[in-house]
Amino acid sequence: MATAALVLTSCGADSDPLDDNGEDTNASDSIVIGSQAYYSNEIIAEIYAQVLEDEGFEVEREFQIGQREVYMPELEDGELDLLPDYTGNLVQYYQDDADTGSPEEVHQQAQEAMPDELQVLDFAEATDQDSYTVTSETADKYDLESIGDLSDVGDSVSMAANSEFESRPYGPDGADDVYGVTVKVVGVEDSGGPLTVGALLDGDVEVADIYTSSPSIAEEDLVVLDDPEHLILPQNVVPVASAELDDKAVDIVNDVQADLSLDELIQLNTRSVEDEASASDIASQWLEDRD
């Protein structure tokens, strides 16, 4: 795949590879932007893509790739140049013993954890946390307020989540070590989407990993359990980029990050879930309203 570079014009298959000055006009490559297989992440990636295109960069989209175990090696190998991620999860991908802390401290850990070929850009105020979430009925029945209270539900609780949640530091092992709660993961592979929400509402599971920017939390009157021991690190939206990414492109993406609040992210996600709008249309409208 290509590495990042600034291009002012794009060259078609039949264009002359030499410009009027005899320079190679095919020397510049596009910025390859990826996304997780998660609608919210794709919207953010599409925002990056459109704002960079508006500034004269050529962009190639490689969206809906999968989870971190798939796309991080592609970033490291230079097959991708830019992808939105989340600070806490990113740190824990590289070091299981990551310390919890403020968003600034976790972002600093992410910067220090990056291999030489990668960099993290600015983190946004917007977060999209993994969570231990229950229905309001379950919360009322067992007087649940925090993750540790789940021990009152029974000897173990079933939890709808992507299969990789099983091996995450804040998954079953973390819940047991930090809170003394036994969790059995029920694999639902839609990243906290409607299938996960449905499993929770239908009573197939007692808990679900629903990302905190999901509009379903408010719409379905769900309860995100408190995490007083900080089992789940802050997960602010943060771009991971090639260390060779053009400086102008870095500045452009960082400008987007400065405007991406949690309320803004929830609104973007609501348009996707309720209006079934495409990531492209959602990104275009957001950028238009931002101007």
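The residues lining the largest cavity divide into 5 nonpolar, 6 polar and 6 charged. In this classification Ala, Val, Leu, Ile, Met, Phe, Trp, Tyr, Cys and Pro are nonpolar, Asp, Glu, Lys and Arg are charged, and the others, Gly among them, are polar. The model is predicted, so local features need pLDDT of at least 70 and side-chain atom pairs count only at pLDDT 80 or more, while totals for chains, interfaces and linings use all residues. Residues are numbered from 1 along each chain as its sequence is written, and side-chain values use heavy atoms, with hydrogens and water left out.

The lining of the largest cavity comprises 17 residues, and Q67, N89, D130, Y170 and Y211 lie nearest the cavity centre. A cavity here is a set of points on a 1 Å grid over the protein atoms alone where a 1.4 Å probe fits but cannot get out, and a lining residue has an atom within 4 Å of a point. The space in the largest cavity is about 170 Å³, a volume being the space filled by probe spheres set on the points, which are joined across faces, edges and corners.

The model has 2 cavities of 30 Å³ or more. The second largest cavity holds about 30 Å³. Its lining consists of Y38, Y39, S191, G192, G193, I210, Y211 and S214. By class, the lining of the second largest cavity has 4 nonpolar and 4 polar residues, with no charged residues. Y211 lines this cavity and is also among the residues nearest the centre of the largest cavity.

Helix 11 covers residues 279-290; helices (H or I, at least four residues) and strands (E, at least two) are DSSP runs numbered from the N terminus. Its 12 residues reach 16 Å from first C-alpha to last, close to the 16 Å expected at 1.5 Å a residue, where the expected span is 1.5 Å times one less than the number of residues. Within helix 11, A279, I282, A283, W286 and L287 are buried (under 20% relative accessible area with a 1.4 Å probe, protein chains only; exposed is over 50%, partly exposed in between). The face turned away from the buried side carries the exposed residues E288 and D289.

G187 belongs to strand 7 (residues 183-187). It counts as partly exposed because its relative accessibility is 46%. Apart from neighbours within four places in sequence, G187 is in contact (heavy atoms within 4.5 Å) with A161 and S163. A160 is 27 residues from G187 along the chain, and their C-alpha atoms are separated by 6.0 Å.

Key. On a 1 Å grid over the protein atoms alone, a cavity is a set of points where a 1.4 Å probe fits but cannot get out, and a pocket is an open set with protein on both sides within 12 Å along at least five of seven lines; lining residues have an atom within 4 Å of a point.
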